[in-house]
Amino acid sequence: MLSEKTIGIVKSTAPVLEVKGKEITTHFYKTMFEAHPELLHIFNHANQQKGRQQTALANTVTAAAKYIDQLEVLLPVVKQIAHKHRSLAIKAEHYPIVGEFLLKAIKEVLGDAATEEILQAWAEAYGAIADIFIQVEKEMYEEAEQQKNGWKDFKPFRIVDKVKESQSITSFYLAPADGQGVPSFSPGQYVSLRINIDGETYLQNRQYSLSDSPNEKMYRISVKREDEGTPAGKVSNYLHECEIGYEVEVSAPAGDFVLDFKNRKPAYLISGGVGVTPLLSMLKTIVANDPEQEVTFIHAAKNSNVHAFGEEVKDSVALSNHARNYLLYSEPTSEDKRERKYDQEGYIDQAFLESVVKENDGQFYVCGPVPFIKAVVSELKQLEVKTENIHYEFFGPAINIEEP
Ligand code: HEM
């Protein structure tokens, strides 16, 4: 338990951290990687370059400072991060390293303002926060290992099939190299892939959503090729070049952006671009297991060249009398227009959602690029959908979408 005094000091420094948070975490990562270059095998270098990881850590540390006396408020956030940590095989022994360099960074960035008393209070607070993460993650490791065909950390898988879904998206079917089956997962979850890119010093880790409904033999991920030169596309583009038989390391499915099966309210699955992947898994699972469940699948893409899974969605929807789908193209090609390959031209806007959302107390699952999610979530709120019924996931470190 943290003392009243420690809590008081930590809370009183929250505003400073809010202002200096990113500076502190940027300094923290730089010095930590200098002293522990082996950690570069774990962290996503692209997220580091874009500063997203620094922002994510800064946001969490600031929130932790604000809510240090009500740690239960942080639990949903902790769980989401813990899923990511577990999928990257972060261990209890890593926490003291992060703690040491975080405190050094606070001291060096704040200078004289960081008194011994403040640093002592933060050391205690970090210890308390780290203990919560370590405990939650320990339970997640045990759960992953105890599942049928489960395993701990990373395990070698092979690409057993590769299917082009659109000009830019290709699916990879991944099966364990030891010939065993795979554990089930909750639709919406992702796996981490760890890849040794030829000629690179450090391993690269990336998360990809599972795009098919669960089966016992293999997983399917569907990966978008990014424009050359963007750091984000490095691993995805490399994967596109990998042939059947190529070996990658995979960790067990993780993530809390999952379908709530117990909820009988209509489900709305709203995706943009490659954000379709977790929602397709949800759709296929719903129609296969519960054809009475109302589900509406809404997908937005630029046009048919980059639109993936059109047929798979149609076939899935056809399996249930309670499923329907809508397709929007923002820039349809002339052929798309001629053959009327879509339901509506444009973006998912307020008027469109009003026309298709029958019950605003349904469950809404949204996935796609950050601007897409921001727009759709704000429109759903305009329709008076309750915040707790809106679930979203974007690719990359969690960001607070309420931020400007
Ligand atoms: C991801 C916070 C400890 C390694 C994250 C994220 C946050 C976070 C907010 C982003 C989550 C997301 O993407 O959804 C924290 C806090 C910690 C802590 C508050 C301490 C109490 C650690 C430790 C390690 C670690 C000890 C290992 C050395 C990572 C990695 C990611 C991550 C590798 C994925 C980010 C990427 O590669 O882009 N953490 N973390 N974290 N964390 Fe932690």
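Arg-194 sits opposite Asn-205 of strand 4. Keep in mind that this is a predicted model. On the strand 6 side, Arg-194 has Glu-249 as its bridge partner. Here is how strand 3 pairs up:

| Strand paired with strand 3 | Residues | Sense | Bridges |
|---|---|---|---|
| Strand 4 | 204–209 | antiparallel | 6 |
| Strand 6 | 247–251 | antiparallel | 2 |

Why call strand 3 (residues 190–195) largely enclosed by the rest of the structure? Because 5 of its 6 residues are buried, and the cut-off for that word is under 20% relative accessible area.

Now for the ligand. Its iron atom gets a single donor from the protein: NE2 of His-85, at 2.1 Å. His-85 belongs to helix 4, which covers residues 71–87.

The largest nonpolar core has 46 residues, and Ile-24, Phe-28, Met-32 and Trp-122 are the ones touching the most other members. Two or more residues each come from helix 1 (4–35), helix 3 (52–66), helix 4, helix 5 (95–110) and helix 6 (116–146). Helix 6 is the top contributor, with 12 residues.

What does Ile-24 contact once its neighbours within four places in sequence are set aside? The list is Leu-17, Leu-102, Ala-105, Ile-106, Val-109 and Leu-110.

There's a second, separate core too, made of 24 residues, with Ile-159, Leu-174, Ile-221 and Val-250 among them. As a rule, nonpolar side chains in soluble globular proteins tend to be buried together.

Key
Residues are numbered from 1 along each chain as its sequence is written. This is a predicted model: local features need pLDDT of at least 70, side-chain atom pairs count only at pLDDT 80 or more; totals for chains, interfaces and linings use all residues. Side-chain values use heavy atoms; hydrogens and water are left out. Donors are N, O and S atoms within 2.8 Å of the metal (3.2 Å for Na, K and Ca); water is not among the atoms, so sites may look incomplete. Helices (H or I, at least four residues) and strands (E, at least two) are DSSP runs, numbered from the N terminus. Buried means under 20% relative accessible area, exposed over 50%, partly exposed in between (1.4 Å probe, protein chains only). Two strands pair if DSSP finds at least two bridges between them. A nonpolar core is a set of buried Ala, Val, Leu, Ile, Met, Phe, Trp, Tyr and Cys residues joined through side-chain atoms within 4.5 Å. Contact means heavy atoms within 4.5 Å.
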